[in-house]
Amino acid sequence: MNRNKMIACLMLLGLMLSSCGANGRYQMTLITDGDHTLAGNTKGDVIILGGKTSLEKDAVVEGATHVISGMLRLDGEIKGDLSFLGGEVIFGPQGQIDGDLNYGGGDLSNLRQESVTGIVNAGTGIQLPAVETQKSKAPGALLIRWVINAALLGALAMILNRYLPGHCRRVSKAVLGHSLVSLAMGLLAGIVGITLVVVTAYTILLIPVALLGLVLLGTAVIFGWIACFIALGPIAAHYLKINLSSNWIVFGGTFVGMMLLSIITEIPIAGGIIGILIASTSLGAVFLTRFGIRRFIPESYPTA
Amino acid sequence: MQNNDSNLLTHTHSINFPRIFGFLLFVGMMAAGYYYNLTFVQLGLEDFGTNWLGLSEISIARDMALLAIFTCFIALAFGWWMMHRGLGRQFRVKLQISFGVILTQTILTAILPVVHSESVFIAWLVLVSCALGIGVPVMFSLTIDLVPVKQRGVAAALVTASAYFAAEVLSKQWDFAAYREQLLLVLIGGCLGMGILAFLRHPWLDILAQQHQQPAFAIGRFVRTKTNPNPRSSRRVIGVIVAMFGIYFVDSLGFLRLLKVPGFMETTWQSPIFSERLFIAGVHIVGALIAGVLYSALTERQLYFWILGLFALTHLQYSLHIRATGDMGTVLAFPMLYALAVSLYTVVNFAIWADLSTPDTIPINSALGVALSAWTATFLSTGLAIYWQGQGMSLERHIQIVDSLAILLFLALLVLAFLRKPEAIT
């Protein structure tokens, strides 16, 4: 990696980590193991994933507390809600929740009515805000959405073809010339990428990184589609004897391609599978060419 | 005139039946052999030692280590002997030795229930080690006779997919008796088939016996490069052995502990719900096919990055899960990633030793590779996993160590990639 790229990466990493700083927008305490005693004021939320935690008599948690596993002995005050999904919560005589108690599971002991200022939501009793019943979209609305999506991607294809023609060409060559390898790589990268996103999000601190990963995966798939449509557009125009400027062919190719893709993915069962295969192939090609930076050349064999 | 075409389907404008037969023979033989090792040897013997002989975990760990070391020794000695006798080029002799190996395994599998003490069990293990140790260089060296270089990824993918699919779908109970019953049928069928092939003459077998002379079969893809047409594989063999040892070690060390956690197994690999086991079997097939395609397209270093990265991620997942919920059941995403990683490296293992060899070096290279990395690593880590559990090491700590090892190996590969000398460009 050259010096400039490394500096850019470090700056990006620094920016992401800045959101996790002590003076940042969000603060929390994560407890995964061991014995802990919280005294005084604890800023932000507290998440308990394991171990034993004790909230002292005069201690105050300024945010919400989530107990997913482990044990919490509550003698102090929680200003927000207490959400309790598993493990054990023991209320001391001074234990106080200013918000609601959301009880999903686990052992709850010594709870007194006056310990909770808000309401106690247990089991299916959690009150959800009233949401209007979702109705399926009318075919017209779906078509409009497809047209808008296809037009936007068509415009993006024109921009990419104008400024990154080499990148697009390398990706499309990988998709069209090495479809099977691209598909295999895409399936692998997709499965691993999504798992990595989930694991990263699970750490809570790295949620911004997980979001970035998700955006990257999505961008790679869309870039792969566009690169293919840019390559296929002129071929289709040639066979259909359509005589337009190259920009309009790129736009038209992407537009028609996206519309076809949208229609295909609406086919029950097979549509979903085809959609996954096409998305994986695109992702794989982008991955193999490092976003079109380099040409993909498979390993060669000795010839006879 | 020799036919150097590496395509299975064409042979002077017609379907090349002998070549297809050879390809399928290899896939069937290796899949059955791997299924035997995967189920009966790796899981069944431990169950036999624990539940039939009443041995302690430490004793089983010691016995399995003995099996590993002895198998390794026999494989190396036999591989070296084969190389010096030029048996890598003797297709018919290899078939006859394979028949002997399968026959021995059949007899040993059949008589295991008469073993009632640890000393007899050790003697039985020594005999099994001999059969396995001889089987490794012989059967792996058949790759060079039966599978053209271009199709080795596909062949390895089919072997892996078949073995894991059968192991997952057919294994309702992971116990020695159930495995023995199933495998005796497979072994008896294998004995008959291999006996016919080894001792009868048929023109197809004569054609297969000549295939190793064709460049499309003889020279593995890693043996020569465009810049250096001379074979240069010794350093690469050592590198691959070290990498594969690490991969096998990490896999077995983690899995052997995970399978002792009923909460994990009952919701995944040993689920009473058939569709859940079918899902894992399906992942093995998809993973094997992905690996089969990528094996031909990527370098071995890139493949190792993926495999070790997958193992690191899988164990990290388990680590986080254990911290949060203890040994509560997992979702299918966990075994999915595990199955993917396992399928990837198994495919590489079935294809790479032949691709690092010529007909002369295949016996010793496959012995070095399979025995020194796969067998030794698997059984040493099995022994270590059993020992740690016997010493009372917590599940969380165990999985943390495995995850650390996987990450360490991944980083080591990164460092090696950074330090390597660029190849000459002509």
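**Figure 1. Thr65(A), a buried residue of a predicted model**. With a relative accessibility of 2%, Thr65(A) counts as buried, since the cut-off for that class is under 20%. The model shown here, in this and every other view, is a predicted one. Thr65(A) belongs to strand β7 of chain A, which covers residues 65-67. Leaving out residues up to four places away in sequence, Thr65(A) touches Val46(A), Ile48(A), Leu72(A), Ile78(A), Asp81(A), Leu82(A) and Ser83(A).

**Figure 2. Chain A, the setting of Thr65(A)**. Chain A contains seven helices and 15 strands. It has 304 residues, and 38% of them are buried. Of the contacts in chain A between residues at least 6 apart in sequence, 33% join residues at least 24 apart. The accessible surface of chain A is about 17600 Å². Carbon and sulfur atoms account for 65% of that surface.

**Figure 3. Asn110(A) in a loop between two strands of chain A**. The loop holding Asn110(A) runs between β14 (107-109) and β15 (120-122). Asn110(A) is not a glycine, yet its phi is positive, at about 60 degrees.

**Figure 4. Helix α7 of chain A and its buried residues**. Helix α7(A) covers residues 270-288, which is 19 residues.

**Figure 5. Positive phi values after helix α7 of chain A**. Just after α7(A) comes Arg290(A), with a positive phi of about 55 degrees. Phe291(A) is found in the segment after α7 of chain A. The phi of Phe291(A) is also positive, near 60 degrees, in a residue other than glycine. Is Phe291(A) buried or partly exposed? At 31% relative accessibility, Phe291(A) counts as partly exposed.

**Figure 6. Chain B, a chain of helices without strands**. Chain B has 16 helices and zero strands. Its radius of gyration is 21 Å, close to the 22 Å given by the globule rule for 426 residues, so chain B is as compact as a globular protein of that length. The C-alpha trace of chain B spans about 65 × 55 × 40 Å along its principal axes. Buried residues make up 57% of the chain. Among contacts in chain B with a separation of 6 or more, 84% are between residues 24 or more positions apart. The accessible surface of chain B comes to about 16900 Å², with 69% of it on carbon and sulfur atoms. Chain B carries 25 positive and 21 negative side chains, and the centres of these two sets lie 13 Å apart.

**Figure 7. Helix α2 of chain B and the glycine that follows**. Helix α2(B) covers residues 57-85, a run of 29 residues. At 1.5 Å a residue the helix should span 42 Å, and its end C-alpha atoms are 42 Å apart, which agrees. Gly86(B) follows α2(B) and has a positive phi, near 70 degrees.

**Figure 8. Ser141(B) in helix α4 of chain B**. Ser141(B) lies in helix α4, which covers residues 118-141. The relative accessible area of Ser141(B) is 0%, so the residue is buried. Apart from neighbours within four places in sequence, Ser141(B) is in contact with Met82(B), Lys94(B), Ile362(B), Pro363(B) and Ser366(B). Pro215(B) is 74 residues from Ser141(B) along the chain, and their C-alpha atoms are 16 Å apart.

**Figure 9. Phe274(B) in helix α12 of chain B**. Phe274(B) is part of helix α12, which covers residues 274-297. With a relative accessible area of 42%, Phe274(B) is partly exposed. Val250(B) and Phe274(B) are 24 residues apart along the chain, and a distance of 28 Å separates their C-alpha atoms.

Definitions and conventions:
Residues numbered from 1 in each chain as written. Chains lettered and ligands numbered in written order. Predicted model: local features only at pLDDT ≥ 70, side-chain atom pairs only at ≥ 80, totals over all residues. Heavy atoms only, no water. Helix = DSSP H or I, 4+ residues; strand = E, 2+ residues; numbered from the N terminus. Rg over C-alpha atoms; globule rule 2.2 N^0.38 Å. Buried < 20%, exposed > 50% of the residue type's maximum accessible area, 1.4 Å probe, protein only. Contact = heavy atoms within 4.5 Å. Areas by Shrake-Rupley, 256 points an atom, 1.4 Å probe, with all protein chains shown as cover. Lys, Arg positive; Asp, Glu negative; His and termini not counted. Charge placed at Lys NZ, Arg CZ, Asp CG, Glu CD. Expected span 1.5 Å × (residues − 1).
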